[in-house]
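I opened the model to look up some helix packing and strand pairing. My entries are set down below.

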Amino acid sequence: MALAESYILNEQHVAVLASPGMGHIVPLLEFAKRLVVHHGFRVSFLNITTEASPAQTDLLHSPSLPSGLHVIDLPPADVSSLVNDEMLVVHRLGVIVEESLRCLKSVLIQLGKPKALIIDLFCTQGFDVGKQLSIPVFTFFTPSAAFCAFTLYHPTMDHEVEGQFVDLPEPVQVPGCTPVRTEDLLDQIRNRENDEYRYYFGHVRRLCEASGIFLNTWEELEPVPLKAIRENPFYQKILTPPVYPVGPLIKEHEPVTEADAECLAWLDQQPPDSVLFIVLGSGGTLTAAQLTEFAWGLELSQQRFIWVVRKPTDASASATFFNVGGDANDPKSYLPEGFVERTHGVGLVVRSWASQVAILRHRSTGGFLSHCGWNSSLESMTYGIPMIAWPLYAEQRANATMLAEEVGVAVKPVKGDGKTVIGREEIDRVVRLLMEGEEGKVMRSKAKKLQESAANVLNSDSCSYKSLARVTKQWKDLAAPI
């Protein structure tokens, strides 16, 4: 492992550590860039290479990273006897992180003991190493502030509730926040008896050990949960660390591939706000039955679209988590026969991957069918694009409900009683509603207002900039760890 000497000697030096997965890598990398470009820090970004996806590897070794940002590849750990394809995502992720971070202490010593270590929710081994080396450890919480409030309340739920959370007769009363319906609870806490829950809870219960919590949100977007975490007696009682809203931190640039160039050229020929962009995150997939219904519904709607499609799977919707950017497929082999030909000129079908940022910011894009991962949700609001909410896993159901019912920038399709898939008629309905209906116009207006808010919140006079500046000043004032 080659470590630049300047990183060892530079006083304004911090380390950032993200668990694998694009949903965590992207916001922490953007956070690291902001520390370098706007706050004068050198940053060592610690990359867990064990089972890293091709997309993760490509992103972290891009030649466009700022010169003060140095990616340190941690040695890959041999987990072949510890993981298997049947393990759920967080369980497998927990094992990978645990084995990969056995070298963390020695790496931080080689780096000259940075002023601070910033970790994400699944790298809590950093708390132990930070204590040993007298390095303050901060958490960058990648989901929403609302979910942060729920996460801080989770250990109390675990102690007080008997049985399964999903069997509770009423919504979860998160202190000071909107109640969370049991059907919106994230997958990892639906069964408290399996290894997935054990690994997940083992990390989230340590959130209050952080010296501070960075949140990828801003005051105007989530005022209620931010106020609750700061002022509600419950959070004061459990000694919640200071919270620092520093968002929205999203990808500002992505490499434009040949396929992206084709998409953008096609978008250039379309009317403003007329195209529905469809992509289910960096690794989301549909079942074969759902994909078929989706294609028919989209065709029935007669709306313009760009659809990033992936080979369907009847396994977990998160089954491609560890292979993002590595799949190859032929859409004609699984889309309804003749779909590509019948929709030619109306839409584009793109294999596996597209530059989400470039398409969302294009003037012709008028809607976004999204899995409602927090990064994608922030990108959609930053570019003023209303959504069709199609949550798949993790906390995405809660995000979808918040975006539809509280923020007012999304519509949720209805599956129907007893049905396992959303039918083509319902897909046709919500697509038309968003793209040409009166309700869609209201959502688009709200999204545009959030776009203005997001544009203002990161300048040097804004709350998000000042929030981060308060912490970086503390770091600069710290004596170097001994």
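The entries take a helix pair, then a strand crossover, then a sheet.

Entry 1, helix pair. I note at the start that this model is predicted. I looked up how helix α2 (residues 22-39) sits against helix α19 (residues 463-477) and found an angle of about 75°, with the axes 12 Å apart. Angles of 65 to 115 degrees count as roughly perpendicular, and α2 and α19 are therefore roughly perpendicular to each other. I then listed the residues in contact: α2 gives Phe31, Arg34, Leu35, His38 and His39, while α19 gives Tyr465, Leu468, Ala469, Thr472, Trp475 and Lys476. Sorted by class, the contact of α2 with α19 holds 6 nonpolar, 3 polar and 2 charged residues.

Which way do strands β2 and β3 run relative to each other, parallel or antiparallel? I found strand β2 (residues 42-48) and strand β3 (residues 69-74) parallel, joined by 6 bridges. Opposite Val43 I found Leu69 in β3. I followed the chain from β2 through helix α3 (residues 54-60) to β3 and recorded a right-handed β-α-β crossover.

I traced an open sheet of 6 strands with parallel pairing, in the order β10-β9-β8-β11-β12-β13. Its edge strands are β10 (347-351) and β13 (410-411), each of which pairs on one side only. For Trp307 I noted Val349 in β10 as the bridge partner.

Terms used: Residues numbered from 1 in each chain as written. Predicted model: local features only at pLDDT ≥ 70, side-chain atom pairs only at ≥ 80, totals over all residues. Heavy atoms only, no water. Axes fitted to C-alpha atoms, helices over the stretch in contact; angles between N-to-C directions. Helix = DSSP H or I, 4+ residues; strand = E, 2+ residues; numbered from the N terminus. Parallel < 35°, antiparallel > 145°, perpendicular 65-115°, else oblique. Contact = heavy atoms within 4.5 Å. Nonpolar A, V, L, I, M, F, W, Y, C, P; charged D, E, K, R; others polar. Pairing = 2+ DSSP bridges. Right-handed = clockwise from strand over helix to strand, strands pointing away.
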